[in-house]
Amino acid sequence: MKLNKNFKNLKENYLFAEVSRRVEKYKADFPSSDVISLGIGDVTLPLSNKAVDACRSAGLDLGTTGGFRGYGPYDGYPFLKNAIVDYYKRRNIEIHTDEVFVTDGAKNGIGNFLDLFDEDNVVMIPDPVYPAYVDANILDGRKIVYCDATRENKFLAMPPKKVKADIIYLCSPNNPTGAAYTVEQLKEWVDYALENKAVILYDAAYEAYIEGKGIARSIFEVVGARDCAVEFCSFSKMAGFTGVRCGWTVIPMNSPLNRMWLHRQAIKFNGTSYVVQRMAESMLRGGYEDTKLMVSAYKNNAKIITKKFDELGIEYTGGKNAPYIWFYCGVDSWEFFDYLLSKARLVCTPGCGFGKNGNGWIRLTSFNSKERTEEAIKRFEKFWKDFEAVKNKLTFSTVK
Ligand SMILES: *Cc1c(COP(=O)(O)O)cnc(C)c1O
């Protein structure tokens, strides 16, 4: 037996494991301190009653002779695929039910999709970004090139002139920066992909958070995208399904990837559970208003944070079309993390964990209650004023 040699190329410490290690140590040293996390990448609100009702009634179905179901279709039940097609139709995007594949989550969909590609492909990944894209490609041993997302391009990487790539990852609204592409900007990526005969793997896990004019909620709003793009979506952040597990993938029929993916799923996947698919359906039909309430609760928290940042003159992106606020701390991200935890009992996520361009930056999330967010930002304000006053006198490692 020979182990996958690529495993040793993964970074030792997974970002979120290191964050919780440091938080646990702090809590052990100061057991009575009230730590608030603005680092959570998981939703906090309970499921909508509509989802719970759908869960109950689908569960009851399964206990009856007429309603029992065994293995479902590999690509999802028609009732959910149709609800997804209609969800796009409401936004004037035409897709066919055969182009929709129900998955047990976007992360699984994106990671597993690599089964369809040869090892010999150049992969382009924005930096900073959600760490799973990089690690999944390292495991497969593919060559990775990065495209820079920096303050100069408002953390929206644009296609490089000279570098060629075969597989391109885009995440919009972006985790961690909260930055979101306009349709016009995405058009440049689509043109680049068509020119290079590349595929765009488009992660739209946060599309439900978009409110800005001209911002794309789907790559299929862009002319030409049907000839080069695959879109991954999720019920996790729009309906609180991080523990329930359901997402979908849209693969245009004219791409060979469509039939290949169905074949791949038939080999390695036996479908998302019937109960979960009924719950997901309810969120796109009668329960859709509840997803909006959930999303706006998180976005109100984001507003609490960005309003204070505006007052304090802090440089940031995000907060408007995403549950993330990405701000410039100006010193080494991990040193800032430790300082913020020790002085204000607040947890953040160091930007350097999302790529080298993230150093000097910090991600905050709005996944929390309003009360805790308000308390956190009160502490943060005091912390920031002190930090500004002392940061040149302390021995922080500076960044550009
Ligand atoms: C949370 C998240 C996902 C994961 O979605 P699941 O459907 O829960 O697997 C995918 N992409 C990004 C960018 C995320 O932040």
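I'll start with the ligand, then go to a helix pair and some backbone details.

This is a predicted model, so local features need pLDDT of at least 70 and side-chain atom pairs count only at pLDDT 80 or more, while totals for chains, interfaces and linings use all residues. Residues are numbered from 1 along each chain as its sequence is written, and side-chain values use heavy atoms, with hydrogens and water left out.

The ligand, then. It is surrounded by 13 residues, and the closest are Asp203, Tyr206, Ser234, Ser236 and Lys237; a residue is near if one of its heavy atoms lies within 4 Å of the molecule. By type, the shell has 5 nonpolar, 4 polar and 4 charged residues. Here Ala, Val, Leu, Ile, Met, Phe, Trp, Tyr, Cys and Pro count as nonpolar, Asp, Glu, Lys and Arg as charged, and the others, Gly among them, as polar.

Which atoms of the ligand do the polar side-chain atoms of Asp203, Ser236 and Lys237 face? Ser236 has a polar side-chain atom 2.6 Å from an oxygen atom of the ligand, and Lys237 has one 3.3 Å from an oxygen atom. Taken alone, the ligand exposes 390 Å², and the protein buries 94% of that (Shrake-Rupley areas, 1.4 Å probe). Helix H4 (106-113) and helix H7 (236-239) are the elements giving two or more residues to the shell; helices (H or I, at least four residues) and strands (E, at least two) are DSSP runs, numbered from the N terminus.

Next, the helix pair. The axes of H3 (residues 78-89) and H9 (residues 274-284) come within 9 Å and cross at roughly 25 degrees, with axes fitted to C-alpha atoms over the stretch in contact and angles running from 0 to 180 degrees between N-to-C directions. H3 and H9 are therefore roughly parallel to each other, the term for angles under 35 degrees.

Last, the backbone. Asp127 and Pro128 are joined by a cis peptide bond, omega about 5 degrees, and Pro128 sits in the loop between strand S3 (122-127) and helix H5 (132-140). Another cis peptide bond joins Asn175 and Pro176, with omega about 20 degrees. Asn92, although not a glycine, has a positive phi of about 65 degrees.

Note on methods: Polar contact = N/O pair within 3.5 Å; in protein donor to acceptor, adjacent residues only side chain to side chain. Parallel < 35°, antiparallel > 145°, perpendicular 65-115°, else oblique.
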